[in-house]
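This report describes the fold of one protein chain, from its overall dimensions to its individual elements. Please consult the sequence and the coordinates alongside the text.

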Amino acid sequence: MNHSCCPNVIVTYKGTLAEVRAVREIEPGEEIFSSYIDLLYPTEDRNDRLRDSYFFSCDCRECTTKEKDKEKLEICKLDDPPSAETVKDMIRYARNVIEEFRRAKHYKSPSELLEICELSLDKMGAVFEDSNVYMLHMMYQAMGVCLYVQDWEGALCYGQKIIRPYSKHYPSYSLNVASMWLKLGRLYMTLKNRTAGVKALKRVFIAWFLH
Ligand SMILES: [Zn+2]
């Protein structure tokens, strides 16, 4: 099955059994595509990933039109907006810090990891909106560290910031959105906020099971 960044099926695994589920109408004779990668990221990053891991570039509609890139790379709306050069530098910084964090996870302590997240979010926040996918990436990492050290309030705080933009960037059937609602639901329940917990867990159901 070939890859597309706008796939018509998703594949999940139950042990050794692959379950292939259509995510939109498929015409007879139409090729079946799944996605091999996380679709959160902009076109250039997705293609870097595809080249590194699968040795090809993608030429799907999303990669050709780059339609969602602007939204994914949302820049702060300021009276004096950052220059193109500043934005370019910040994107380069973001890619480096993501890579640095990926390596640091193997040998740094949770508090050191959280510091990398917070510092990078501070720095990127001068140029990027909170909904920018590089901001979301580092918030997601910070949430993971908070969960690891059982800082439920900290994790919830990051999760609440992540969920809306996630729902905007990812397609409606996305497992990433369902799994974020699940995390939020469990956090609310742990923190004894039953009303918000039930609401979040209903979203898991809507995001995934009813699709
Ligand atoms: Zn593509």
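Two residues are in contact if their C-beta atoms, placed from the backbone, lie within 7 Å. By this criterion, among contacts in the protein chain between residues at least 6 apart in sequence, 53% join residues at least 24 apart. The model discussed here is predicted.

**Overall architecture**

The secondary structure of the protein chain amounts to 9 helices and 4 strands. Along the sequence these elements follow the pattern β-β-β-β-α-α-α-α-α-α-α-α-α. The C-alpha trace spans about 50 × 45 × 40 Å along its principal axes. For 211 residues, a compact globule would have a radius of gyration near 17 Å, and the 18 Å of the protein chain agrees with this. Of the 211 residues, 27% count as buried.

**The hairpin of S2 and S3**

Strand S2 (residues 9–14) and strand S3 (residues 17–22) run antiparallel and are joined by 6 bridges. Together S2 and S3 form a hairpin with 2 residues between them, and glycine 15 in the turn has a positive phi of about 65 degrees. Tyrosine 13 stands opposite alanine 18 in S3. How many of the 6 residues of strand S2 are buried? The number is 0, so S2 lies largely in the open.

**Helix H6**

Helix H6 (residues 133–148) has 16 residues, which at 1.5 Å a residue should span 22 Å; its end C-alpha atoms are 22 Å apart, in agreement with that expectation. H6 is mostly covered, with 12 of its 16 residues buried. Among the buried residues are Val133, Tyr134, Met135, Met139 and Ala142.

After H6 comes glutamine 150, whose phi is positive, near 60 degrees.

In soluble globular proteins, nonpolar side chains tend to be buried together. The largest nonpolar core in this model has 36 residues, and those with the most contacts inside it are Met124, Met135, Met139 and Ala142. Two or more residues each are given to this core by H4, H5, H6, H7, helix H8 (175–190) and helix H9 (194–209). H6 supplies the largest share, 10 residues. Domain 1 (75–164) and domain 2 (170–211) both give residues to this core, so the core lies between them. Setting aside residues up to four places away in sequence, methionine 124 touches Met90, Ala94, Tyr134 and Met135.

**Tyrosine 41**

Where is tyrosine 41 placed? Tyrosine 41 is in the loop between strand S4 (33–34) and helix H1 (43–54). A residue counts as buried if 20 or more other C-beta atoms lie within 10 Å of its own. Tyrosine 41 has 23 such atoms within 10 Å and is therefore buried. Apart from its neighbours within four places in sequence, tyrosine 41 is in contact with Arg46 and Val133. Tyrosine 41 and valine 133 are 92 residues apart in sequence, but their C-alpha atoms are 6.5 Å apart in space. Valine 133 is itself one of the buried residues of H6.

Terms used
Residues are numbered from 1 along each chain as its sequence is written. This is a predicted model: local features need pLDDT of at least 70, side-chain atom pairs count only at pLDDT 80 or more; totals for chains, interfaces and linings use all residues. The expected span of a helix is 1.5 Å times one less than its number of residues. Two strands pair if DSSP finds at least two bridges between them. A nonpolar core is a set of buried Ala, Val, Leu, Ile, Met, Phe, Trp, Tyr and Cys residues joined through C-beta atoms within 7 Å. Domain bounds come from an automatic or database domain assignment. The radius of gyration is taken over C-alpha atoms; the globule rule is 2.2 Å times the number of residues to the power 0.38.
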